[in-house]
Amino acid sequence: MGVGETADVQVSAALVCAGIAAWLMSERGAQARRARLLFAGGGGVGTGPPHRERLLDGWGRLRARTRPEVWSLVAGLVVAVIGSSVVPLLLGAAGVPLLGRARRAAEARRERERRGDAVIALCGALAGEVRAGRQPGEALLGAARDSDGLGDGQPVVLAAARFGGDVPGALAEAARQPGADGLVGLAACWRVAVDRGAGLAAGLDRLEGALRAERDQRADMRAQLAGSRSTASMLAGLPVLGLLLGTALGADPLHVLLHTGPGLGCLLVGGVLEGVGLWWALRIVRGAETG
């Protein structure tokens, strides 16, 4: 295969990769448009061509079943085939554990937020049960049935409430779960109401308000920092765009990076600097979120 044919193959592969990326980015918009049409009375989901609907549904199921880190290996394999080098495949394999760790961290964050919302709902439901005239133990049993705020500690807490055990201690133990910090305040309200005869409903209202304010503050901070996070991610992707543009212009940057000594050195140094820069930027954003 001549040099011109090799360049044509690389340009075609680059265009295919760009097309796949555009397809991935447009899929969510297409699904949103279909939903808007459905709820607006503009037609059912199946108004489009049947084969397109089947492709969209199949692709959605594939993405739902495939973990994000697998795409790192797929991308490395594609670039390895295009560049006729094993280096991209090794880099893609090295990115699998990093992306897996990021995925697990995101799942843990969503679980903390979900449990925090459940604790807030539990406080509101418990305050309503107490105002309805139920005793604290009976009210906790009723409120826990409609909320998952107690999490894994629910059997212990409900047993303590049902048989006259140490409910504040059980709540404090359940508060050790990620995102269940609000149960510490619930335990304090319970202890004050039982020991000093204070109004439990009033304390729960204040606790619920404080937890809601804290949650809204975190959400507002996350929304303000979303632009910084997106900018860091976009800047991290600029080298890939540069490679695609260079390939489209016939400069063959993959050959230089993967098959020459200076290119491999630039790839190594650039990859290290890219990773450190992205890690540092995201670390600053996370510090601002938690601070």
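Predicted model: local features only at pLDDT ≥ 70, side-chain atom pairs only at ≥ 80, totals over all residues.
Figure 1. Beyond its neighbours within four places in sequence, Ser-72 is in contact (heavy atoms within 4.5 Å) with Gly-92, Gly-95, Val-96 and Leu-99. The side chain of Ser-72 reaches the backbone oxygen of Gly-92 at 2.8 Å. With a relative accessible area of 15%, Ser-72 is buried; buried means under 20%, exposed over 50% and partly exposed in between, with a 1.4 Å probe and protein chains only. Leu-89 is 17 residues from Ser-72 in sequence, and their C-alpha atoms are 9.0 Å apart in space.

Residues are numbered from 1 along each chain as its sequence is written. Local features need pLDDT of at least 70 and side-chain atom pairs pLDDT 80 or more, while totals for chains, interfaces and linings use all residues; side-chain values use heavy atoms, with hydrogens and water left out.

**Figure 2. Ser-85 in the loop between H3 and H4.** Ser-85 is buried, at a relative accessible area of 13%. Not counting residues up to four places away in sequence, Ser-85 touches Ala-80, Leu-258 and His-259.

**Figure 3. Packing of helix H6 against helix H7.** H6 (residues 154–163) and H7 (residues 167–174) pack at an angle of about 170°, with their axes 9 Å apart. Axes are lines fitted to C-alpha atoms, for helices over the stretch in contact, and angles run from 0 to 180 degrees between N-to-C directions. The two helices, H6 and H7, are therefore roughly antiparallel, a term for angles over 145 degrees. H6 contributes Val-156, Val-157, Ala-160 and Ala-161 to the contact, and H7 contributes Val-167, Ala-170, Leu-171 and Ala-174. By class, this contact of H6 with H7 has 8 nonpolar, no polar and no charged residues.

**Figure 4. The largest nonpolar core and Leu-140.** A nonpolar core is a set of buried Ala, Val, Leu, Ile, Met, Phe, Trp, Tyr and Cys residues joined through side-chain atoms within 4.5 Å. Of the 32 residues in the largest one, Leu-126, Leu-140, Leu-150, Leu-171, Leu-183 and Leu-186 touch the most other members. Elements giving two or more residues to this core are H4 (87–131), H5 (136–145), H6, H7, H8 (182–196) and H9 (200–248). Leaving out residues up to four places away in sequence, Leu-140 touches Leu-126, Val-157, Leu-158, Ala-161, Val-167 and Trp-190.

How values were computed:
Helix = DSSP H or I, 4+ residues; strand = E, 2+ residues; numbered from the N terminus. Parallel < 35°, antiparallel > 145°, perpendicular 65-115°, else oblique. Nonpolar A, V, L, I, M, F, W, Y, C, P; charged D, E, K, R; others polar. Polar contact = N/O pair within 3.5 Å; in protein donor to acceptor, adjacent residues only side chain to side chain.
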